[in-house]
Each structure stands twice: as C-alpha cells, then as structure tokens.
Amino acid sequence: MKAVSIEAGEASKAKRVHGVNRGISVFDLILRIVALVGTLASAVAMGTADQALSFSTQIVNFEAQYDDIDAFKFFVVSNSITCVYLALSIPISIFHIIRSRAGKSRVLLIVLDAIMLVFLTSGASAAAAIVYLAHNGNTSTNWFSICQQYTDFCQRSAGSLIGSFGAMALMVLLIILSSIALSRR
C-alpha cells in the first residue's frame, strides 16, 4: 500500500514538471514573437533612415543614409538574419508546447539562440558606436557631431538601437528559459 502512494506522488510530480515545462514553452513562444517584432522593427527603422539637407541653395544637397556607413549595413543585416531565424524557430517552439519533454531540439535551440545573440550583439554594438559618434563627435580626431543637422536620421537610428537591444535581452531570456526547461526534464 505504501509503494502505491509513492508511485502516485511521483506521477503527480511528473505531471507538475510537465505543466511547468509547458508553461515555459508558451512563454518561450511569446518571447520569440516579441523578439521577432523587435528585430524586424529595428531593421526596417534603420533601413529606411534617410535625411537630406540643402546647402545654401537648393542645388546642393547633403544626404545621410544608413547605407553610407558599413556598421549600419551590418546592423540591418544582423537584425534581418536574426528576425528570419526567430521566424523559423517558432514552429520548434510550438513543438515544445505540444511535447514539453523534448530534449534534443531544446539543446539545438539553446545553441542557435546563443549564436544569434552573439550576431545580434555585434551588429547592435557596431551601430551603437556610430550613433554615439554621430551624437557626440570626437574632438581629438576632428569628427564633429552630425546630429545637430540630421536630427531625424539620428533619432531614427537611435530608436532602432532600442529595439535591437530589447531583442538582445529577450534572446538572453530565451536561452535561460530553454536551459531551465531542459534541466527540469
């Protein structure tokens, strides 16, 4: 009689772990969708950043575009690739909701999420350095701040960084959640 009660307790514990893993998988799916939106919005915002200024007459125009700076190009590419990855990982996340005890696919997601996090971080960091220079300049190298003239361009590029850094934080949470679900298996 006592052995039966232990087995019943173990079965309820297994159901509880299964329910927690399912909850983690649902939260994982939500975070993936929010990170996808963040990276997509960042790539679109930076990719459409463009401002033209007239110089003394209407004949000469100075233009600031994202593709004038290689760091901004890399930022758009890294956010775009991460966005595509997140879109492709959503079916796997849905699979984890259905089969919460899946282990190998969680390990694969942890590794791929970490790779995408590094890629996203490198693109955002490179763009952040350029945005910092655009806002503050560097007097020792005679680089002047351009954000006093190109306010719309600078606001748009700084706003796209916010979305990308938010997506980076969500990617860290995704790695942590997948690790927790894997350890509870």
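The exercises below work through the helices, packing and selected residues of a predicted model.

Residues are numbered from 1 along each chain as its sequence is written, and side-chain values use heavy atoms, with hydrogens and water left out. Because the model is predicted, local features need pLDDT of at least 70 and side-chain atom pairs count only at pLDDT 80 or more, while totals for chains, interfaces and linings use all residues.

**Exercise 1. State how many helices and strands the protein has, and in which order the elements run.**

Step 1. Helices (H or I, at least four residues) and strands (E, at least two) are DSSP runs, numbered from the N terminus. The protein has 4 helices and 2 strands.

Step 2. Read from the N terminus, the order of elements is α-β-β-α-α-α.

Step 3. Of the 185 residues, 37% are buried; buried means under 20% relative accessible area, exposed over 50%, and partly exposed in between (1.4 Å probe, protein chains only).

Step 4. Contact means heavy atoms within 4.5 Å. Among contacts between residues at least 6 apart in sequence, 77% join residues at least 24 apart.

**Exercise 2. Describe how H2 and H3 pack, and give the classes of the residues in contact.**

Step 1. Two packed helices are described by the angle between their axes and the distance between the axes. Axes are lines fitted to C-alpha atoms, for helices over the stretch in contact, and angles run from 0 to 180 degrees between N-to-C directions. For H2 and H3 the angle is about 160° and the axes are 9 Å apart.

Step 2. Angles under 35 degrees count as roughly parallel, over 145 as roughly antiparallel, 65 to 115 as roughly perpendicular and the rest as oblique. H2 is therefore roughly antiparallel to H3.

Step 3. The crossing of H2 and H3 is left-handed, a term for a near helix turned anticlockwise from the far one by less than a right angle, with right-handed used if the turn is clockwise.

Step 4. The contact of H2 with H3 has 19 nonpolar, 8 polar and 2 charged residues. Here Ala, Val, Leu, Ile, Met, Phe, Trp, Tyr, Cys and Pro count as nonpolar, Asp, Glu, Lys and Arg as charged, and the others, Gly among them, as polar.

**Exercise 3. Find the aromatic pair and classify its geometry.**

Step 1. Rings of Phe, Tyr and Trp (its six-membered ring) pair if their centres lie within 6.5 Å; planes under 30 degrees apart count as stacked, over 60 as edge-to-face and the rest as tilted. The count by this rule is 1 aromatic pair.

Step 2. Phe74 and Phe119 form the pair, with 5.6 Å centre to centre and 80° between the planes, and it is edge-to-face.

Step 3. Phe74 lies in helix H2 (residues 70–98) and Phe119 in helix H3 (residues 104–136), 45 residues apart, and the pair links distant parts of the chain.

Step 4. Phe74 has a relative accessible area of 30%, so it is partly exposed. Phe119, at 23%, is also partly exposed.

**Exercise 4. Work out how H4 is placed against H3 and against H2.**

Step 1. The axes of H3 and helix H4 (residues 151–183) come within 9 Å and cross at roughly 160°. H3 and H4 are therefore roughly antiparallel.

Step 2. H3 and H4 cross in a left-handed sense, and their contact has 23 nonpolar, 6 polar and 2 charged residues.

Step 3. The axes of H2 and H4 come within 12 Å and cross at roughly 40°, so H2 and H4 are oblique to each other. This crossing is also left-handed.

Step 4. The residues of H2 that meet H4 include Phe75 and Asn79, and those on the H4 side include Ser160 and Met171. By class, the contact of H2 with H4 has 8 nonpolar, 4 polar and no charged residues.
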